[in-house]
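Take a look at the structure below.

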Amino acid sequence: MRDKIQQIFISCFFIYISYVAYNIVTLRNDVVPIIVFLISFFFSYNILKPIKIYWSFVGLTFTFLIATLLFHLIPIKSSILLLNFCILIFIINQVKYAVLLNNRDNFRFANEIVHKGNSLTIASNQKSEILFCSETITPILGYLPDEVMGLKFWELTEDSEEKLDPIKNHENKLYIRKLKTKIGEYKYIQWKDKKFSEDLIISIGQDVTEQIIVQDQYKNLIQTATDIIFEIDAEGYFTFMNEFGFSILGYTENEIIKKHYSNFIHEHYITSAVDFYENLVLNENNYPIIEIPVLKKNGEEVWISQKIIVRKNDLGLTTGFSGIARDITEKKNIENEKKKRLKKIEAYNNSTKKLSTTDFSKYYELNTIIDLILKEAATISDVNRVSFWKYDNDLITCKNLFSLDNKSLNDKSILKKESYPIYFETLNNKAIINAPDVFNKLETSEFQKLYFTKNNIKSMLDVPIFLTGQLAGVVCFESTEQKREWDNEDINYARTISDVISLAISSQMRLEAERKLQLKSQLLSALSLCTEKFLLSKTTHQMFEETYNIIGKAAKVDHMYYYEKDAIYNTVSQKYKWSREGVTHQITPLRSMTEENLREIYDAASQRKILNTLTRNLNDGFFKKLLIDNEIQSILILPIYINDIFTGFIGFDDCTTERKWSEDEINIFQVLANNISSALERNRNETKIIESEEKFKLIANNIPGTVYLSKFDAFSTKIFLNDEVSNLTGYSKSEFIENNLSFLSLIHPEDKEEVINNQIDNLQNGMPLHNVYRIKRKSGEYIWIEEFGDVIKRDDEIEFVGGIYFDITSKKEIEDAIKAKQLAEASKQIKI
């Protein structure tokens, strides 16, 4: 485009000069075209390039002037004037051209040096714009001089730092810049700047890439080495260290160079290091290796293994030391970790052996055993908190906690399955929850951060405890001081603790079952013995006197007592009491107590429930005060009912511990209460029966008839007869009651079948018995009797038949005499 613009400009110039020449010819008397023509001719030298175009233009101009002179196109005076001035102008321009040619020859020599030499020369101004660039840029960087003019040099070579300040105090000094070539490679150029004026700076650069590469090769060997390479002088001060040394230790060059090596060695190893260097000088042919810890800038230790070479001058004097040190921290850590791991494994194995050989059967309480296990686990594993959580009915409750921070279990945390489904699902799948960071674990994500923050928990390891394949609880290891990565040894030990707790629970359950079975066996044996005595005892006093000592000792209680209700006054008073040996029998005076005094017992009795409670759990009132005054800590009350009426209660208490009565104990005591109730009822009924029998006998023996009570069987076996039977039959009543004689055998053969059939019909129809028949007396004579009777049923089944026999022989004889008389009179009337 630039070449075309020049051609267009030259064409326009020719058109313009032709127009001026035309005006000279047409406007013969006008001076202006002549002046314009001369000015245009003067500047044509600068306009028409190359020189051949100018010379062609000069030839055309003089041809035009000669033509005007020959053909008188303009005044002769004007023609001569134009010709003279044009010749003068041409001479002036030719002189300028000659001078230019001379300068060009001089410049060509300089150009050969600048453009064809080995140096790169550029000229720039204060704005960092490139004004000149030698052609040597092409073989050096690959660019053309025109491509780097202005600010393009800095952009193409990516030397933005030099662009901002081209001098940078580098005048008359050597400095090196890394420049990007056209093909993308980088070369190192060594520059030297010279400021010729305020706005002209000449910079000459030499390609020193090969030298830099050679230097970098050595430097890279040093700086890229994965070992610390250093030099110290004879006094022990650092004179050099490679970049790896700075990076691994964290110090800057200024913080290490000219500093004594002892400043960076752990204080416990300084003496060893000094001895090493002193022995190194004495034994210069032997270069031992020393392993020492050095301190990083952040205070951490780095273990290094270093080998030192002694540097000496020509006189054999030690000038310093060169050393190569290798970071063996990882190796040392592995060794230390191995030692720690072996020590931890040994501690865990000893703890496991200790726990597995401990006889937990000598401990009565499971909580005591678990506390011992948790304490051992926390101490050996060096964990801040170890706790046991019991699982029951989709709930996990913290039951035991041992804390190295001396924190106690203030509140029993409870976790519900519905609130922590992921946590519970993981435990049910027999998976261990390993959470080095409790805030970054899915299984613990359901926990409120308040729990972790409140207890300062950072890491957690939970191992489920299983009994007979069912989840029974969780043993939880918690770190509060720092986050802890739980290794395999920790996890295996936690599993062991889980198994030990499971074994302890199983053992305690077995022992508890055995204790309960033994206690149950003793109670059942005592209950059996007491039941036998209940059956044999004739009075209430005898019943309690013979049984309370047996039951009290078997139940292992402090007191056992019986309170009876007075139905008339509606009060309750103690009738019998037993006390264990060594326990005070009675502290407060005995008294009759009202329903209001014993409201808790009456309320339980009204609902047909027992009262099983601890004294401290009762509401303040008379009953609680009574128990406290008698030093009773727990109590079991079983109401007694006779005919569904509350008549009193039996009670058991414990004055030494807050005893929780087991279900088996309560069931056995309930049977005992029922047996006592039955025995009391039986005694009362027997008393009533005896009284009734006496009344019945008194009435029966004074009735003018034979009263009987028979079993409902084929022989009508008699179980009761009054004394009148001997007058009726001539036989004693013992002969009938002892089954030596059946009453049916006395019935007259002619009447027997009718009597039996009549009795059967009446009984089937639910009608009372009424028969008249003859029986044979012991003397052999027959008498007439009239029988009235009815049945006694039990559960709608006939069990007994009771009634009375009347001797109606006299009545029958009178009736027969009357009938005979009436018959005789009737026969007499017929004859008449």
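Helices here are DSSP runs of H or I with at least four residues, and they are numbered from the N terminus. The model is predicted.

## Ile248 in helix α9

Start with one residue. Ile248 sits in helix α9, which covers residues 243–249. Is Ile248 buried or exposed? Ile248 is buried, because its relative accessible area is 14% and buried means under 20%.

What does Ile248 touch? Setting aside neighbours within four places in sequence, Ile248 is in contact with Ile228, Lys296 and Asp327. Thr226 gives a distance to check. Thr226 and Ile248 are 22 residues apart in sequence. In space, their C-alpha atoms are 9.8 Å apart.

## The length of helix α23

Now move to helix α23, residues 749–764. Helix α23 has 16 residues. From first C-alpha to last, α23 reaches 24 Å. That is close to the 22 Å expected at 1.5 Å a residue.

Which residues of α23 are buried? They are Asp751, Val755, Gln759, Asn762 and Leu763. Seen down the axis of α23, the buried residues fall within an arc of 90 degrees, so they line one face of the helix. The cover over these buried residues includes β25 (769–776) and β26 (782–794).

Now turn to the other side of α23. There, Glu750, Glu753, Glu754 and Gln764 are exposed.

## Just past the helix

Look just after α23. Gly766 takes a positive phi there, of about 70 degrees.

How values were computed
Residues numbered from 1 in each chain as written. Predicted model: local features only at pLDDT ≥ 70, side-chain atom pairs only at ≥ 80, totals over all residues. Heavy atoms only, no water. Helix = DSSP H or I, 4+ residues; strand = E, 2+ residues; numbered from the N terminus. Buried < 20%, exposed > 50% of the residue type's maximum accessible area, 1.4 Å probe, protein only. Contact = heavy atoms within 4.5 Å. Expected span 1.5 Å × (residues − 1). Arc of directions from axis to C-beta.
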